Amino acid sequence: MRLRYHWDWLRSGYLFVPSIMVLMAIALALVAIELDTFLHSDGRIIEHWYAQGGPEEARTILGMIAGSMITIVGIVYSIAMVNLTLASDQFGPRLIRTFMTDMGTQLVLGAFLATFVYSVMVLLAIESGANALGPGGDSSARTGDAEVEVWAALPDPTTFVPVVSIWLGVALSMVCLGMLIYFIHHVAQAIQAPNVIDSVARELERSIRRHFPEARDSVESIGHPANREALDDDLPPDFDDQARPLPVAVSGYLQFIDHEVLVQICTEAQLVMRLDQRPGDFVVAGGSVGLVWPPDRVDEEVERRLRSVFLIGVQRTPPEDVEFSISQLVEIAVRALGNNDPFTAINCVDRLGAAMCLLVGRKIPSRKRFDSDGQIRVIARATRFGGIINTAFDQIRQYGADDTALTIRLLEVIALIASRVDNLTDGAALLRQAVMIERGSRQTIVEEYDRRDISERFQDILNQLDLQDVAGEVDRWKPRRVNV
């Protein structure tokens, strides 16, 4: 669990990928220098790779490459910081993580740093010969101007110019030039609202597939056959009276719960635990994350092990919190409405609707976790479709109540989702949202034709849910009758 957390932290910053590329550049420089050393020592001295030159010219070229690379690194970092500032102001500070996980920016930064390090490594390998006139180093030992010219024309065996390494450095600098052009184009594309929304929406869909991997018509739920739902349906009779709270040491957002280890600990200690929190909830130091029964089996060591399965951090993270990406899309939509940009808000509503359609076709995992003997050990806090729907549409509905286009699109998206639901509970959650949207429109939208369009969209939802008598069905489907 902690490895997954640290991996998520590493890939959501500008540290991991550039560092790996720098290490690869060091390894590449060492290999290239060894190849040049082999060619030089074997007598296969490669002729000059330019018309005239030697070690000093090679140092000049590599120094120029290294200097330009480190200069561009500063420019790229500056552009990246400006991009993050604009993203924070326009889309919200919680979207910074989405930009920092962008692999394109990380690769560009890594490429320039790697080329700089490679050039410095090769630069250190260049050696200047001490004998410029001949093996003896004494021009008087040779007779005649012709012999001097012959010795001067021969390559000095004590001079080492890594030709292959230098040409490879030149090739890397050309690659970096192309990546700089790509980076400028990429930054201009990444800051556009549709691309930001698409990136968050794709992460939301991946999160839904990860948390709800099975289709609704599947026979089994996650790690737990459906026919076990009837076993041990109730907790021990004295659970609420005698169960011991499990406090946490620090305040923060619950990021991970390692359910497998939690079941293992409860099995070894013969415990039953009911979780009161789930990833994404804020917990207070000294507050309880769940109840453990029986209390007499919870000693200091068991309590320490139980606490270790809960990872608490300073912010919510998407790996185990399916509602985090939903909240990001909602934040983009709400900020757009505050800036008089209903088109961006409608784009967010469309992507939320697509994600909810994906969720409708998947089974909600069982709350119960069993040991190998079929004994219930952990009861997790449920994730319900109605709660996810409320997270997706409540704030957008509230902030956009006076926007006709957004109101109509909200009802159209809910009708699309309603066409795919197949049970009363999910239908009630959608009907609740539709009723509040339609009722709010009657209070904020005064144009009769607009209100008529809204009423038609609301009727489409009722038709999708096979409802006829609006007033009677709304009363019959009140949320208090189902757990939403």
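This is a predicted model: local features need pLDDT of at least 70, side-chain atom pairs count only at pLDDT 80 or more; totals for chains, interfaces and linings use all residues.
Residues are numbered from 1 along each chain as its sequence is written, and side-chain values use heavy atoms, with hydrogens and water left out.

**The whole chain**

Display the chain as a cartoon: there are 18 helices and 10 strands. Helices (H or I, at least four residues) and strands (E, at least two) are DSSP runs, numbered from the N terminus. Now show the surface. The protein chain exposes about 24600 Å², of which carbon and sulfur atoms supply 56%; such areas come from the Shrake-Rupley method with a 1.4 Å probe, and for residues only the protein chains shown count as cover. A contact means heavy atoms within 4.5 Å. Of the contacts in the protein chain with a separation of 6 or more, 81% are between residues 24 or more positions apart.

**Colour by confidence**

Next, colour the chain by pLDDT, the predictor's confidence in each residue, from 0 to 100. The average over the protein chain is 81, and 83% of the residues score at least 70. Select helix α15 (residues 404–418), which has the highest mean pLDDT among the elements, at 94. Strand β1 (residues 220–221) has the lowest, at 38. Residues 218–232 stay under 50 in pLDDT, and the model has 30 contacts for them beyond four places in sequence. Residues 146–155 also stay under 50, with seven contacts beyond four places in sequence.

**The five-stranded sheet**

Select the open sheet of five strands, whose order is β3-β7-β5-β10-β9, with mixed pairing. Two strands pair if DSSP finds at least two bridges between them. β3 (244–247) and β9 (368–370) stand at the edges with a single partner strand each, so one side of each is left without a neighbour in the sheet. On average, neighbouring strands of this sheet are turned by 25 degrees against each other, direction ignored. Axes are lines fitted to C-alpha atoms, for helices over the stretch in contact, and angles run from 0 to 180 degrees between N-to-C directions.

Within this sheet, β5 (residues 272–275) and β10 (residues 376–379) pair in the parallel sense over two bridges. Pick R274, which stands opposite I379 in β10. Helix α11 (residues 300–308) lies across β3 and β7 (288–293), at about 55 degrees to β3.

Beyond four places in sequence, G290 touches several residues, including R244, P245, M273 and R274.

**The three-stranded sheet**

Move to the open sheet β6-β4-β8, in which the pairing is antiparallel. Its edge strands are β6 (282–283) and β8 (310–313). Four bridges join β4 (residues 252–257) to β8, and L254 stands opposite I312 in β8.

**A last stop: M64**

Finally, select M64 in helix α3 (residues 55–91). M64 counts as exposed because its relative accessibility is 55%. M64 and S119 are 55 residues apart in sequence and 9.2 Å apart in space, C-alpha to C-alpha.

Terms used. Buried means under 20% relative accessible area, exposed over 50%, partly exposed in between (1.4 Å probe, protein chains only).
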